[in-house]
Amino acid sequence: SPSPDPADFGVTIDSSPSSVTAGNTVTVEATVTNTGDNSDTQDITFSVNGTTVATRSDIDLTGGDSESLSFEYDTDSSDIGEVDIEVASDDDTVTDTVTVSEPPEAIFSITELTAPDQLTAGETLTVEATIENTGGTDAQQQIEFLLNDSTADTTTLDLAAGANETVEFTSPTQAADIGEVDIEIASDDDTVTDTVTVSEPP
């Protein structure tokens, strides 16, 4: 009778993204199949740009058996362009390429502005604004609070991509403000306005 074929661990990449944005994770699904007759135990390596980033040790397969494996790689700005991924057994190597794109710039959007409709001269005007970074990059910006086109206060916000924060500004009012006061909250990317009526004290 013919002698059994030696173990042969063939590798296939079942899924990998064609592209990701820098900062996101590349997830690679692979299958290892022992196409031989004999059993064997091997380590399966996952490499990115020639550097091993993960190893699944002691994959034990009898003849004809297979096992599904998942690998992950967290990209960063140094990966922008293309990265070469590789899954390898002792017997087989498969490769693929993933395009890594630059994330969209930070955009500080003012999503909400809360201010009173009216108040009496001498009272403190309190304004709240919610700022959201709707872009794809962490950033820092200065948020400006203006009354009648003059800067009354500023604050600096650090926002991760997708994060938001509510800021509060206060300003005393006085007799000179009686009438309508124009409120403005401004980031580098967005401006929201409102009007407050300041009335004479009784």
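This is a predicted model: local features need pLDDT of at least 70, side-chain atom pairs count only at pLDDT 80 or more; totals for chains, interfaces and linings use all residues.
Q: Where is Ser47?
A: Ser47 lies in strand E4, residues 40–48.

Q: Buried or exposed? I mean Ser47.
A: Ser47 is buried, because its relative accessible area is 6% and the cut-off for buried is under 20%.

Q: What does Ser47 touch, leaving aside neighbours within four places in sequence?
A: Its contacts there are Thr52, Val53, Asp84, Ile85 and Glu86.

Q: Which side chain makes a polar contact with the Ser47 side chain?
A: That of Thr52, at 3.4 Å.

Q: What about E4 and E5, how many bridges join them?
A: 8 bridges, and the two strands run antiparallel. E5 covers residues 51–61.

Q: Which residue in E5 is opposite Phe46?
A: Ala54 stands opposite Phe46.

Q: And how many residues sit between E4 and E5 in the hairpin?
A: 2 residues. Asn49, in the turn, has a positive phi of about 50°.

Q: New topic. What is the strand order in the open sheet of 3 strands?
A: The order is E9-E11-E14, with antiparallel pairing.

Q: Why is one side of E9 and of E14 left without a neighbour in the sheet?
A: Strands E9 (108–114) and E14 (164–172) stand at the edges.

Q: Which residue in E11 is the bridge partner of Leu113?
A: Ala129 is the partner of Leu113.

Terms used. Residues are numbered from 1 along each chain as its sequence is written. Side-chain values use heavy atoms; hydrogens and water are left out. Helices (H or I, at least four residues) and strands (E, at least two) are DSSP runs, numbered from the N terminus. Buried means under 20% relative accessible area, exposed over 50%, partly exposed in between (1.4 Å probe, protein chains only). A polar contact is a pair of N or O atoms within 3.5 Å; within protein, one must be able to donate a hydrogen and the other to accept it, and residues adjacent in sequence count only if both atoms are side-chain atoms. Contact means heavy atoms within 4.5 Å. Two strands pair if DSSP finds at least two bridges between them.
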